[in-house]
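Thanks for asking me to look this one over. My notes follow the structure itself, point by point.

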Amino acid sequence: IDERLSRTLKTRKTLSKVWRIVCFSESSTDVVERRLTEKRMWKRYADKDRGVRIGVDFSFCTLDPKSGMLGRVKYSEQGTVVDLNTVTLEPNILFNYLKVVLTKKRLWEREREIRLVTTPTFCNIRYVAGTNEEQCFWRFNREIIREVCLGARFPKNQIKGLVKMVRNRYPSDVKICQAVKSMDNYRYEEI
């Protein structure tokens with residue numbers, strides 16, 4: 001590996017020890033826009049309709065400024081490019097790189113993304129079975145969960161268990177539904 005690439009990979013690994021990013025997507029109030037976005041989001045981020053969408057309400061969330069920062073992603077034609085070889089881990093320098101984390105190219109604008117930038121201190125770390133791959137789960141106030149929606153192709157043999165888990169762990173008014181493909185759109189049926 002060329003030395004510059006090696007330094008870049010090392011810097012990314014170092015930054016991943018410092019930051020964790022949780023991504024959310026705000027629903028559009030425009031019906032046509034929402035239909036286009038939902039189709040893309042279910043396909044791209046929910047394992048081609050086999051995953052789960054979790055609806056949250058941030059008005060129930062009090063975020064201690066020391067635990068992280070919640071920010072809307074800004075979209076621009078070129079995005080933001082940073083030479084990772086110039087990154088140091090000094091806090092004031094890292095803060096300047098938050099603009100990188102909160103900027104994406106305009107072609108992603110329909111996602112209406114909101115990102116939580118936090119640290120491992122405020123996450124539960126788990127490892128993927130049989131690997132050394134880390135997964136970080138943000139610890140959150142359960143009251144922010146308002147909806148759990150299963151994809152149209154969510155495995156039928158797992159529905160009952162997931163519904164039971166949601167009912168046991170989250171507020172009783174959490175809506176549980178499943179997406180149903182109808183022509184080129186989705187409709188949602190409560191479970």
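**Notes on the predicted model**

1. The structure holds 16 salt bridges, a salt bridge being a side-chain nitrogen of Lys or Arg within 4 Å of a carboxyl oxygen of Asp or Glu. As background, side chains of opposite charge can pair when their charged atoms come close.

2. Some ground rules before the details. This is a predicted model, in which local features need pLDDT of at least 70 and side-chain atom pairs count only at pLDDT 80 or more, while totals for chains, interfaces and linings use all residues. Residues are numbered from 1 along each chain as its sequence is written, and side-chain values use heavy atoms, with hydrogens and water left out.

3. On confidence: the protein chain has a mean pLDDT of 79, with 78% of its residues at 70 or more; pLDDT is the predictor's confidence in each residue, from 0 to 100. Helix H3 (residues 91-96) has the lowest confidence, at a mean of 56, and helix H5 (residues 156-169) the highest, at 93. Helices (H or I, at least four residues) and strands (E, at least two) are DSSP runs, numbered from the N terminus. Where pLDDT is low, the predicted coordinates should not be read in detail.

4. Which residues of H5 are buried? They are Ile159, Leu162, Val163 and Val166, where buried means under 20% relative accessible area, exposed over 50%, and partly exposed in between (1.4 Å probe, protein chains only). Seen down the axis of H5, these buried residues fall within an arc of 105°, so they line one face of the helix; the arc is that of the directions from the helix axis to the C-beta atoms.

5. That buried set in H5 packs against strand E2 (52-56), strand E9 (145-150) and strand E10 (175-182), with contact meaning heavy atoms within 4.5 Å. On the other side of H5, the exposed residues are Asn157, Lys160, Lys164, Asn168 and Arg169.

6. Glutamate 147 forms a salt bridge with arginine 53, with 3.1 Å between the closest N and O atoms. Glutamate 147 lies in strand E9 and arginine 53 in strand E2, so this pair ties together parts that are 94 residues apart in sequence. Glutamate 147 counts as buried at 17% relative accessibility, while arginine 53 counts as partly exposed at 25%.

7. Glutamate 147 has another partner: lysine 175 forms a salt bridge with glutamate 147, the closest N and O atoms being 3.8 Å apart. Here lysine 175 sits in strand E10 and glutamate 147 in strand E9, so the pair joins parts 28 residues apart in sequence. Lysine 175 is partly exposed, at 34% relative accessibility.

8. Arg44, Lys104, Glu111, Glu113 and Arg115 are linked in a network of salt bridges.
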